[in-house]
Amino acid sequence: MSGVIRQAGRLLLSLGLVLACLFALVKPAAAQLHAHPSETGSPVLRSLVSVRDLDDQAWQLVAFRDGPPGAPLRLRVVGYPGKVRLDHPTALQVRSGPFQWQLEDLTLENQALSNDGRAAAAEFDLSPLLAELSQNRPLRLRLPGVFTELPVPPFVVAEWRSLVRTPA
């Protein structure tokens with residue numbers, strides 16, 4: 001009987017060591033913010049992520065701030081050129097549980113985007129959304145006529161929220 005107990009104890013100890021090693025290797029998700037100067041020399045801080053909509057189409061979401069903390073926050077939604085054409089202005093609809101936002105389309109204010117004949121990108125004012133979020137909640141984006149639901153996971157929302165205060 002004591003041999004069985006010893007064997008079970010060794011098995012539990014071995015299992016505990018394996019689990020401890022696995023947990024030691026797993027690192028928490030860190031923000032992937034990138035800083036670089038803009039064409040004018042002001043500091044730009046951005047978060048870039050690729051996500052797929054419910055139709056399995058790939059999109060890039062680039063949240064950025066051009067300037068020091070407190071500067072306006074923008075969200076650029078980029079589709080694959082030739083597969084999608086975005087009409088402007090079209091507000092980006094965002095929802096999280098019972099909460100809803102309409103983000104203003106600022107694409108035509110950006111000369112580079114408004115002159116781009118591919119029309120595969122749109123830019124939105126992200127500040128109203130981030131001002132109201134107090135948690136890193138999952139979001140669902142909807143751009144009428146383009147995609148019906150683009151899921152944004154909480155770790156991406158955490159990166160976006162950190163853009164507000166992180167120095168470039």
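Me: Which strand gives the largest share of the lining of the largest pocket?
Reply: In this predicted model, the largest pocket has a volume of about 390 Å³. Of its 13 lining residues, the closest to the centre are Val44, Phe64, Asp66, Arg76 and Asn110. The elements that give two or more residues to this lining are strand 2 (43-52), strand 3 (58-66) and strand 4 (73-78). The largest share, three residues, comes from strand 3.

Me: How many charged residues are in the lining of the largest pocket?
Reply: By class, the lining of the largest pocket includes four nonpolar and three polar residues. The charged residues in this lining number six.

Me: Which residues does Leu92 touch, not counting residues up to four places away in sequence?
Reply: With residues up to four places away in sequence not counted, Leu92 touches Leu75, Trp101, Gln102, Leu103, Phe124, Leu141, Arg142, Leu143 and Phe147.

Me: Is Thr107 buried or exposed?
Reply: Thr107 is found in the loop between strand 6 (99-103) and helix 2 (111-114). Its contacts, not counting residues up to four places away in sequence, are His88, Leu113, Ser114, Ala121, Ala122 and Glu123. Buried means under 20% relative accessible area. Because its relative accessibility is 1%, Thr107 counts as buried.

Me: How many residues apart in sequence are the parts that Arg74 and Asp125 tie together?
Reply: The side chains of Arg74 and Asp125 meet in a salt bridge (3.6 Å, N to O). Arg74 lies in strand 4 and Asp125 in strand 7 (residues 121-125), so the parts tied together by this pair are 51 residues apart in sequence.

Me: Is Glu149 buried or exposed?
Reply: Glu149 forms a salt bridge with Arg95, and the closest N and O atoms are 3.1 Å apart. Arg95 lies in strand 5 (residues 92-96) and Glu149 in strand 9 (residues 147-152), so the pair ties together parts that are 54 residues apart in sequence. Arg95 is partly exposed, with a relative accessible area of 36%. With a relative accessible area of 18%, Glu149 is buried.

Notes
Residues numbered from 1 in each chain as written. Predicted model: local features only at pLDDT ≥ 70, side-chain atom pairs only at ≥ 80, totals over all residues. Heavy atoms only, no water. Contact = heavy atoms within 4.5 Å. Helix = DSSP H or I, 4+ residues; strand = E, 2+ residues; numbered from the N terminus. Buried < 20%, exposed > 50% of the residue type's maximum accessible area, 1.4 Å probe, protein only. 1 Å grid on protein atoms, 1.4 Å probe; cavity = no way out; pocket = protein on both sides within 12 Å on 5 of 7 lines; lining within 4 Å. Points joined across faces, edges and corners; volume = space filled by probe spheres on them. Nonpolar A, V, L, I, M, F, W, Y, C, P; charged D, E, K, R; others polar. Salt bridge = Lys/Arg side-chain N within 4 Å of Asp/Glu carboxyl O.
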